[in-house]
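Have the sequence and the 3D view side by side for this one.

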Amino acid sequence: QQAGADLEKPQELMAGLNLLATTDLGYFQQHHQADIFRLKGTILAALKDTENAHQALSTSLMLWKNSAEAWLAWGTLCDESWDLTNTLPPPQQPGMMPQAVTPQIYLLEYAVHALLQGVRLGSAGARALIPRLLHLLSFDNDGPSAAILQAAAAAAMGTIGSWANVVGGTMERSGAFELPSWVWVGWLPQLLASLLRREAPVMKRLLGQMAADLPQALFYPLRSLLMALRESAYRTGHEVKGREGQLLQLQGVAERAKERHAHAMEAVQALGIDPKDAVMQQGATNETVLALQKAQAELHQAEGEYSQLHNAIKSMQQTRVMEMTAFEGGREANDLIAQYHPAINAALSVIVSELQSRFSPRQEERLLAVVNALLHRCYKVPWSAQAEVPPALCKELAGVCKACFTDGDKAPSSSAVQGGAGASGTGGRHRSGLAATMREEFVADMNPESPSFPTTLGALMDHLKQWRAKLLSELEDRMPTVLRLEEEAPGLRELALGDVEMPGVYSVLLGGGDPPPWVVPQPAPAPGSNGQVPPQPHSDGAVLLESIGATVAIVRRQGAAYRRLALHGSDGRTRHMIIQQSQSWQQATVDERLLQLQRAFNRLLDAHPQPRARALGWYVPVVVPVFPSTRLLEEDPSFASYGEAYDVNCMRYGREADTAIVYFKKRCAQPGTGAVNAADVHAVALRQAAYNEVCERIVSENVFSQYIYKTLPSCNHLWVFKKTFCTQMSLSGLLCAMLLLGGRAPNKILFAKDTGRVLQAELMPVYNEKGMLERIEAVPFRLTRNMFTFFTAFGVEGVFVTAMVNAAQALLAKGGNVQHVAALMFRDDIANWSARRSPAKQSLVGHIKGEMLKVLVAANTRKALDRLRAVAPQVSDDGQAIAHGLLAQPEARSPVAGGAQELVEAAMAAKHLCRMEPAWHPWF
């Protein structure tokens, strides 16, 4: 215990080492002796004595090979040594192999083997390093120097095997495929993403094992990925066929350009002029020479266009092959689910099919969402209301008019048409006539080619607001607020659920969480035993899906319409899930990665005493992917958007919700052009003056406070809500500052009225052209004047800042895995960003090479952790100081929460808030 305490203090390491060196081992049993050598090796590793640390840890494992802590310590040491020696030294002479290659390979093998042994023996710390294992499998399994390393290793040992499979081969030899499946469920999104990478063979085996053991944990995300891969491969193939026709046309153009170029060269040669000199001649007046120069330029242009298109087609063909290969690998796992669990597979297939096809928004609901999106686009356009409609917006409106009310729309159900009264047939006939009439009117108003199309941006916004009011009135009159499940989805109502588990029941494992309650890990094996594998989960204690609620609620929020189901579990709880549609697969996977990252962060917060005492933790709802564009999202009926408080206040005083936006853009518009600029100093001063006027005349600082005061029943509820909401917004601000996340408009911040928990919707990291995270907003996170007024200065200083500092300190605590989890998130996110920029539209395969991707992942992870360290309290080398510069001169000291206070000041500064988009509502 004393040596372990000394290990936490850098200045006491030598004292702890001397204590262990003078200990008489004869008084201890064998497994205690092994633990003493483990502590000795850990202290030596902290003192940078790597060689002796390896010897001490190997002695510990020789004394007790079933010590999970010793395996973990040795694996961590080998991994750190691998990182330090991973850079190959340049050869002394051309053709010579670099030195110290073989130790590198074995360090990597030892690290992988030791970590897997720690997982096998039940070490939670080793399970937390599975992200590091997956990172090694992705980037260090092969590389640009693979041939050099393989040749050097073969020359040294002769039996080292293929370098290109060193991590995968070590995993197989170390029994990675014999570990319980729940160990890998926590990183299932990364396993599925790896099907599109070189480590796909290893992932196929893991997914096959999971299909046999935990089919319901794998079914939903695997089914969604398969559908996305099939759709993407089909679109890519269709696009390749279209571009091949363009390639033939360009080939003909290039051939004709070659003929003209050849004729021009012959004509120049006939005049006795060297064609090379004629091409390079400047200011030529001879028509024959000019013709040659023109033909040369046309030939270069035609060949360039042909080469560019040919390379794009080749890249798309490679993408399609990779997508189809990944599809085949995923389908093998899906076939195993159907083979081993036919009843469960049939029931889950029915559920997925019904959720996808039966709960789509109606025509009017989709049109209302489009109108709200167009109105929001008008707010974001950097032009005042008196300016003309921008051409880009006109083009978008033309596409909307063409797409609205297509013949392939799903017919409305009877419950939606009759509105709770009247015959379904009459409602259906009236509904069809209404849709046709509305189409004609909408096209007449919104089509840019129509003579009645608005000429100014303000008139267009007025038309859109009229359509929004009209659609809302029609929906309120003709659609009920609650639908009947037996009419909307009779297949779900009549389905025999049997052993179907509650969707998302395995989400507690995401991010490396502890096993579910029905998994009872066996205690550590006794000294001298061979160790046992923890048991597999069984369904005796699993939460089963007993039934689905008889009613389906309609949730309308910011123009979008969702359906909310009530799922009744065998544990007596009812979980409310909304069905989100019209979301791209790329956006959905980004949300899943960030939610998984927050779950992993919550695990680190729980392990630290300060956040645990304050009950800090991100609220992470259950997300179940159903289809590439459909998912289930856990959301309690008490959730509301932050923008709802502003809308209620505007309705109370009879004011348009966009009054502040229109006024701000009008005050910031340049005379004559109507453009709203935020670049130069004069424009910033003008925006700040307009921002101050909006705050003084239009939007009060007490809007949100009044809304909460009138919503909550008592002062006790108010105090609990205020504290929880403040800590949740603080953690959200820390995440936004760390990953440079923006776009926190009021309608994208959801909070629970009963608990104060916060859900940030549609988070999306933004990368620049170089693949690095980029800040696109002037503020680090949202902390506006209405929030500050509600929290009060005491809440911001005592709760908001404290929670942010404690969370940052916990994430960076010794022994955590924040860098590995962040690196794994960046690996998939940068690959996703690369896929969106690929020649094949909506492709799922990134085109960044492995070595470049590794560099970008390392750089983004390092920058993100640096931003996190800027918030956390600084600790000096001797471990005595906690505050920023506490050991420095008194005038150079800064408070413990100095980094967090700087972020808060930047988020609340008027000079930064005025630079935000008006649709962001910086005054609210």
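Over which residues does pLDDT stay under 50? That's the case over residues 143–164, where pLDDT is the predictor's confidence in each residue, from 0 to 100. The model still has 37 contacts beyond four places in sequence for that stretch, a contact being heavy atoms within 4.5 Å. Residues 877–893 are also below 50, with 30 contacts in the model beyond near neighbours in sequence.

This is a predicted model, so local features need pLDDT of at least 70 and side-chain atom pairs count only at pLDDT 80 or more, while totals for chains, interfaces and linings use all residues. Residues are numbered from 1 along each chain as its sequence is written, and side-chain values use heavy atoms, with hydrogens and water left out.

**The chain as a whole**
- The mean pLDDT comes out at 81, and 81% of the residues reach 70 or more.
- You'll find 36 helices and 10 strands in the chain; these are DSSP runs (helices: H or I, at least four residues; strands: E, at least two), numbered from the N terminus.
- Of the 924 residues, 52% are buried, and buried means under 20% relative accessible area, with exposed over 50% and partly exposed in between (1.4 Å probe, protein chains only).
- Take the contacts with a separation of 6 or more: 75% of them are between residues 24 or more positions apart.

**Aromatic rings**
- There are 24 aromatic pairs, where rings of Phe, Tyr and Trp (its six-membered ring) pair if their centres lie within 6.5 Å; planes under 30 degrees apart are stacked, over 60 edge-to-face, and the rest tilted.
- Phe219 and Tyr220 make an edge-to-face pair, because their ring centres are 5.7 Å apart and their planes sit at 85 degrees.
- Both Phe219 and Tyr220 are buried.
- Phe721 and Phe751 are edge-to-face too, with centres 5.9 Å apart and planes at 70 degrees.
- That pair links distant parts of the chain, 30 residues apart: Phe721 is in helix 31 (residues 715–739) and Phe751 in strand 9 (residues 749–752).
- Phe721 and Phe751 are both buried, and they belong to a cluster linked by ring pairs that also includes Tyr642, Phe704 and Phe924.

**Charges over rings**
- The charged end of Arg205 sits over the ring of Phe177, 3.9 Å from its centre; the rule is NZ of Lys or CZ of Arg within 6 Å of the ring centre and within 35 degrees of the ring normal.
- Arg782 does likewise over the face of Trp920, at 4.1 Å from the ring centre.

**Two helices to look at**
- Helix 17 (residues 342–358) has 17 residues and reaches 24 Å from first C-alpha to last, close to the 24 Å expected, which is 1.5 Å times one less than its number of residues.
- Among the buried residues of helix 17 are Ile344, Asn345, Leu348 and Glu354.
- Asn806 is in helix 32 (residues 785–811) and counts as buried because its relative accessibility is 7%.
- Although 195 residues separate Asn806 and Pro611 in sequence, their C-alpha atoms are 6.0 Å apart.
- Setting aside neighbours within four places in sequence, Asn806 touches Gln610, Pro611, Arg614 and Leu616.

**Cysteines**
- The structure has 0 disulfides, the cut-off being a pair of cysteine sulfur atoms within 2.5 Å.
- Cys914 is in no disulfide, and the nearest cysteine sulfur, that of Cys668, is 8.0 Å away.
- Cys914 is buried at 0% relative accessibility, and Cys650 is buried with a relative accessible area of 2%.
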